[in-house]
Structure formats: C-alpha cells, structure tokens
Amino acid sequence: LAIPLLAAGLLWAVRPAPSPSARSLVEGLQGRGAVYCFDQLRQLETEEAEQAVVAGTRHRRPRIRGQCARLLGLRKDIAMVPFLEPLLGDPDPGVQAQAAKAIIPLLDDRELLELLRGNRLTPAARLSVVRAVLREPGAIADAALLDWLLDRGHDPELRQRAFLALADSGIACKPKKNADPVLLAARQRIFEQAKADAFDPQCNLLARAGAMELYAAFQGSAAFAELLPLTRAPQPGLREAALLALAATKDERVAPLLCAVSKDKTQPVSTRAVALGALPCFRWNGPALETARLALNDPEPRLRAQAARAVGILGDKNAPAHSPSHLGPSLEVVKKALAREQDPDAQCALRGALCSLEARQRDHK
C-alpha cells in the first residue's frame, strides 16, 4: 500500500506547472522574464492570445504597449491595422516607433500613401510613419511618396519634421559609385529643395529651419560660410536655426561659436539654450565640455537643464579611452549641482546626466 502512495506523491511533486495565461504573459512583457513572455505570445495563435495582445496596446505601461505593437506586426495580418493606428499617435515616442515599424509591412504603397494623405493621423503619427518608411534606403525612389514628403503645402511643422526625418535617414551621405540612377535623381531633388527653402526669406521659419539642417547635412563644412551670416540675423528664431544647422555640419569652427553664444548674456535665453544643446555635436572638444559645466551655475533654470544634458553626453566622451579617471571631475560637478538644484526640470536633467556618467565610468573599469 505504501509503494503506490509513494509513487503517487512523487508524481504529484513533479507534475508540470500550469501554463501561464495570455493575459499574464502580456503583463510579463514589463518584467525580467520579458523575453520569455514575448516568445510565448509570438507562438500562441489562439483567440485568447490575440485578444490579450490587443488589450495590451491600451496598457498603462509604454513598454507593454510597444511590445504588443511588435507582436501584432509579427502576425502579418492586415486586420491588425485598426489596432496599430492609434499607437502611431501614442504619447511615448518608443511606442510610436514600434507601431510604425509594425504597420508598414502590412500596407502596400498605395495604402501607405492614403494613410499619410488622410486625416486619420495626427502630425506626430504621420511623422512616426515617415521615419519608419525612410529606414528603407530605397523608399525615396517612390515618386508619389517623395512628392508628399516635399509638398510645400504641408503645415510648416510637418515640413520641418519631414526635412529632419530625411536628414536622419542618411540620405545626405555620399552615395555609392554604382548607386541606382532613380535614387540619385531623388537625392538631387531633395538637395535642391532643401537649399532653396533654407535661403528663402519668404519660407516659413519652421520649414526653413528643417531645410537648413538637411542642407547642412548634405554640404558639411562647405555650408559653413553660407550659414554663418544667418547667426547674426535680427530674428532670434533665424539665428537659432542657423546655429543648429551649423552644428549639423560637424565643422570644428562651429564649437567656439556655440560656446561664445551660450555665454553671451545679451542673447535671448532661448538662443543660449539652443547653443548649449548643440554642444554635444562636438564630443571631443574640451572647451565645449567646460562651457557646459560652467553653465550648470547659470541663474536661468532652462540653461542649467540644457547644460546638464550636454555634460551627460560630453563628460565621458572627452576622457581618453585609457584614462577613465577624467570622468571624475564631471561626476563631482554634476553631483554638487544636483545637491543645490531646486528647479524640477533641471533636477531631472542632472539625474539623467549623473546616470549617464556613472554608467560610462563603470564601462571603463
């Protein structure tokens, strides 16, 4: 009698654990077992799993919404489009990006263009789609899409963002010798419009600012002499756009200019903040780091916040690879600044800088 009872007890002890529900797997997309949960949900093809993932697109946590967007995209089912569209306008940029990546393979070129042209999407949502589309190097070969991107009838902010998305896509990089002629023609068209709008006084300032940065990305140092006079324009907005465009050239002559503007108290606070924010474009420039560190003591909270962000990027990049001890001074400066800071935005920026510097110091050890 004892033997069967013992065997039954052993079988009970080693019984398989019940499979987690689809809803619990969705909740697990946030925790340590996120990779396991994602893999399980990807393999599940039940209606319960689909409903749980769709419900997850409305979860309060951005990470879960983003991962559920990925899962819906992997289903390769056009029926998932209505659930992905709302995520294109999600308040979290990461969720927007995941939704855009997921929805694009589900639509053909005509449907994609209809989505961009229609009124279902907010400007931010449209731009999420544009950025995802431009990840494909050959996207600009689509004449209809390029017409939409360069349409001067768009809202100025949309035009600015479209120019910046084109700059971020790498279209301004030097093409290969055997590049497709259609792509080369599209690239030339983009360049010509960027140049025309960048120097057109009648062009809306927002659109003009985006065009300047794209033109600077195309031209590099060759654009320095053309853009420099605009930093002395009477309109602060135009000066700020020119500073950002100059930073995009990556020309080392721009760093001293940014340092000078950020210290110039006769300039508007917004202009000085733009100059400070552009300093990280010159990561190996010692004076840029020192300028950002000094600005941590500025009376203006907005400038202190920008300075903190700059120090968080510049502080570790100015240290030689074999001398991580150079990080020490920046860490101490940021810690002291955080201890005395009262402004919430500046505090947040300083905490971010501190985390960045400490993480990079650990990586050097």
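**Reading salt bridges and burial**

Colleague: Asp90 counts as buried at 6% relative accessibility. What does buried mean?

Modeller: Buried is under 20% relative accessible area, exposed is over 50%, and partly exposed lies in between (1.4 Å probe, protein chains only). This is a predicted model, where local features need pLDDT of at least 70, side-chain atom pairs count only at pLDDT 80 or more, and totals for chains, interfaces and linings use all residues. Side-chain values use heavy atoms, leaving out hydrogens and water, and residues are numbered from 1 along each chain as its sequence is written.

Colleague: Which residue forms a salt bridge with Asp90?

Modeller: A salt bridge puts a side-chain nitrogen of Lys or Arg within 4 Å of a carboxyl oxygen of Asp or Glu. Here the partner is Arg65, with the closest N and O atoms 2.8 Å apart. Arg65 sits in helix 5 (residues 62-74) and Asp90 in the loop between helix 6 (81-84) and helix 7 (93-103), so the pair ties together parts 25 residues apart in sequence. Helices (H or I, at least four residues) and strands (E, at least two) are DSSP runs, numbered from the N terminus. Arg65 is also buried, at 9%.

Colleague: How many salt bridges does the structure hold?

Modeller: It holds 13. One of them joins Arg152 to Asp197, the closest N and O atoms being 3.0 Å apart. Arg152 lies in the loop between helix 10 (143-149) and helix 11 (156-168), and Asp197 in helix 12 (residues 181-198), so parts 45 residues apart in sequence are tied together.

Colleague: Are Arg152 and Asp197 buried or partly exposed?

Modeller: Arg152 is partly exposed at 49%, while Asp197 is buried at 2%. Shared partners join Arg152, Arg159 and Asp197 into one salt-bridge network.
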